[in-house]
Amino acid sequence: MTLAELHDKWEFWVDRGGTFTDIVALQPDGKMLTHKLLSESPGYRDAAIQGIRDILKIPAGDSLPIEKIAAVKMGTTVATNALLERTGEPALLVTTRGFRDQLRIGYQTRPDLFALNVQLPEMLHCDVLEVDERLDAHGNVIKPLDCEGARLGLERYYREGIRSVAIVLMHGYRYTMHEDSLKTIAKAIGYSQISVSNRVSPLMKYVPRGDTTVVDAYLSPVIRKYVAEVAAQLGGTDTQTGQLKLMRSNGGLADARFFYGKDAILSGPAGGVVGMARVSEAAGFHEVIGFDMGGTSTDVSHYNGEFEKSYETEVAGVRLRAPMMMIHTVAAGGGSILHFDGARYRVGPDSAGANPGPACYRNGGPLTITDCNVMTGKLQPDMFPCVFGETGGQPIDASQVRIKFAELAETIRQQTGDDRSPEEVASGFLAVAVGNMSNAIKKISVQRGHDVTRYTLCCFGGAGGQHACMVADALGMSKILVHEFSGILSAYGMGLADTVVDRQQAIELMLTRQLVQELEGIADTLRNECDKLLARQISQTHMQKMDHRILLHVRYEGSDTSFPVLLASVEQIQIQFEKVHRMRFGFVSPDKNLIVESIQVEAINRARSAVVSPNREQSTAQTQTAKSIAERSCYMDGEWHQTPFFQREALSPGCRIQGPSVILDSTGTLVVEPGWRAAFDEYANLVIERHVPRKETVAIGTDVDPVMLEVFNNLFMSIAEQMGSVLENTAVSVNIKERLDFSCAIFDPDGHLVANAPHMPVHLGSMSESIKTVIRERSGHMQQGDAYILNAPYNGGTHLPDVTIIRPVFLEQGELLFFTASRGHHADIGGKSPGSAPADSTRIEEEGVVIDNEKLVENGQFMEQSIRSLLSSGSWPARNPDMNIADFKAQLAACEKGAQELLDMIDWYGARTVHAYMKHVQDNAEESVRRVLDVLNDGQFIYSMDDGHRISVKIAVDHSARRAVIDFTGTSDQHPGNFNAPTAVVRAVSSLLTSLSPRTR
């Protein structure tokens, strides 16, 4: 029995998005209604309340019939928009003296490594109050809290109008007395929002703990104001326990009175993931990829029986340490703008938005992905809502789209000689967009060790159905699920979500049997706290089945990457941890101790099961022929097809529809591509399957194609990014793992750069010299399963802490195809002072251990003893060879990941094609740099150093030859100290020109 049936009342499930608000209304009889309206309009105060009024047919000015409403469950972008637009409540940060700038410093990472003018995100806190206090890591008082000084400071800011405060002290996550004392002082003064780190984020790491606490102080007042406005129209929140609930970023609902800023960032998208998971399981699919494509972006997610969550996330330049649904967003939506740069097709990341919108919207907008679907006939003017033009009642303008694509096709022909037709141009842009979206899905599936080919693609969002078959093909997936409410699945998911409360406590102790016993006691305490909080949110009448989950966040000693596992015996905890570690990184380290970082307890009040077919009676499927409403010409799979169009509402269980075809419903358009077949099951789901086997290889030739040039450019880039992800996650040192001082790249057989992730420019500009050293000195002796290591500045390296690992990639026949390489800045590689860069060094040996093209792996065997001996050699050996070797293994794992992905690409496209496009990508990058030279002028600069030495550089640009000469004549001879740049670094000056060209970044 549903709650609505139990109370003879309505429920409303709402997704308040940035542009539209979607509402699903559950009637007392169990039937459902849907409604969509603009989120912002001068005609009403709040879209959610107005939508409820519309559904209940309540005239303006009349009060809502509160007695008829059992619950309103809502996801909202209010907090997200406030964070993105920096319109939250001014918040004061109170912290330990000496740490006022720590959140600004952060991890010393740059938001855009290739930007010459770095624009750091604006800090959320408006000012900082430093207080005299200090506890050590064991809770001992180093400096007592100066309560009087803190009170005077807080009173001063209160008089200036500040009402929100974030309290973050060193070691306050575990030893709370000073933070709690400050909270008491602030409360007595009158601060209305007091966020304390030991409650908001009670975990180790000052930076994410501090950021999370500041976010909570910054956004909670905004959330509280919005909730109060909505709740006031629902009779308030104090007397109606559980009537108004909001979706938290972790996928659980919370009573409006217990909904805080830190929980609200992914409120809307989390509802989509819940909806995707629930309807998929109800339909019998338990391994699912969520594909939510809207007008501006695409959200992708992974589900295989439980929700995947991230416990440390960065949003809008702010580091958050709070459980959030793991959702990856890529800037590819229906409104993504099409670009042709003279050589290749690009899609986005800029969007036409709602105004002016795509070209077909009649507002003078640019060509977009939506226009591609109009050009190819998949979107028809007479089968699309007539809401465009000055009157808001005209259909989409297909003729204008055809004119603009004809003009673009002519431009492409003139610049490249490629004479493809307008529909082929549109199809090419679709292929690029599909590649972008499939690469996004790889980040949350393949990159995390999941075999995506076994999964079902759950498609939702307004634009998802137009591209689902093509995305599935790009990933090797063979099944797609489209629910009846796919266009508003985020709103539907609000009604299917559990009510969840959780509590965490830092542990930071080695896993032992004794610790497990202690953890069971801690879990009981946290469970009681959760139960009491849940009881305050849900009345006994509404209480359904209650469950508890006790999670330990466990990591290897010396590592920084933890994974959640269930509390169990020591042996079972280790088994769980090793399973997920092996899946993610491909290896385990049984000799390392396990550290329990923290314990987390969740209390869950289970929601109803998904209503598989909300508005249809379940009936037995019977094979029958569907009747089309029209036939139109559509361009699919490289040719025009006479394509039937169907109305989804007219389909009956058992209907089968062969591709090519198009299925229309009230919330979207679903394209069934050739080789695919849609079936309407007994639950009113559309299940689309590939019934003609996908080609095992694709023959596209070796001549440059503007579409495939961009596809390969993105593929190579994606591989380099995957390498970087593996390195970041498997490294041990703070330098590599947190400061991200590393780079990964792919090189051709001659050692020239093919593609790099957006890592360190000086690494990427100089790394080629390291590969060329290996080629020069190892040619004829390299074999499959070998890898090399070097840092020698006189032989391809930069400075000694930058250690490069190089792995040649061979075909089975022994042909050398590529090199994958990773370079990491090691915190120490020896030398006369820690850090391997002594200021007074005059000989290279004083800076550390020189590694000059040594073999790191031979025939698949890691040469640990010889490398360890090398690190321990010389007058000033490495101080922590264990950490060096651990990071070497992480760099090697990154190179191995790149090799695997390159070989998979060759299996699909063929070695000759991949090699040809490798060269095409390089040629395109060269042309992009030459375009930069076209607009540069000659210049000269001299820099004099304090000791009389100088650096002189002159750049002479030959515009006719499109070349530049960089001349260092006049620079002083070699410096007796350590101010000298090796050849590889000098050559890295080319990376400056690369950074000036957005086409090569």
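This is a predicted model: local features need pLDDT of at least 70, side-chain atom pairs count only at pLDDT 80 or more; totals for chains, interfaces and linings use all residues.
Lys-832 is partly exposed, at 32%.

## Confidence

The mean pLDDT of the protein is 83. A score of at least 70 is reached by 90% of the residues. Among the elements, strand β5 (residues 91–96) has the highest mean, 96. Helix α1 (residues 3–7) has the lowest, 46. For residues 1–6 the pLDDT is below 50. That stretch still has 14 contacts in the model beyond near neighbours in sequence.

## Other salt bridges

The structure holds 44 salt bridges. One of them pairs Arg-555 with Glu-508, with the closest N and O atoms 2.7 Å apart. This pair links distant parts of the chain. Arg-555 lies in strand β25 (residues 546–556) and Glu-508 in strand β24 (residues 499–510), 47 residues apart. Arg-555 counts as buried, at 12% relative accessibility. Glu-508 also counts as buried, at 18%.

Arg-527 and Asp-524 form another salt bridge, at 2.2 Å from N to O. Both sit in helix α15 (residues 513–537), three residues apart, so about one helical turn separates them. An α-helix has 3.6 residues a turn, so residues three or four places apart point the same way. Arg-527 is partly exposed, at 23% relative accessibility. Asp-524 is partly exposed too, at 35%.

A network of salt bridges links Arg-248, Lys-262, Asp-263 and Asp-502.

## The seven-stranded sheet

Seven strands make an open, antiparallel sheet. Their order is β37-β36-β40-β39-β38-β41-β42. The edge strands are β37 (753–756) and β42 (861–862), each of which pairs on one side only.

## Helix α20

Helix α20 spans residues 864–871, and its buried residues are Ile-867, Leu-870 and Leu-871. These residues lie on the same side of α20, because they cover an arc of only 100 degrees around the axis.

The cover over these buried residues includes two strands of the sheet, β38 (787–790) and β41 (854–858). Helix α21 (881–909) is also part of that cover.

Note on methods
Residues are numbered from 1 along each chain as its sequence is written. Side-chain values use heavy atoms; hydrogens and water are left out. Buried means under 20% relative accessible area, exposed over 50%, partly exposed in between (1.4 Å probe, protein chains only). Helices (H or I, at least four residues) and strands (E, at least two) are DSSP runs, numbered from the N terminus. The arc is that of the directions from the helix axis to the C-beta atoms. Contact means heavy atoms within 4.5 Å. pLDDT is the predictor's confidence in each residue, from 0 to 100. Two strands pair if DSSP finds at least two bridges between them. A salt bridge is a side-chain nitrogen of Lys or Arg within 4 Å of a carboxyl oxygen of Asp or Glu.
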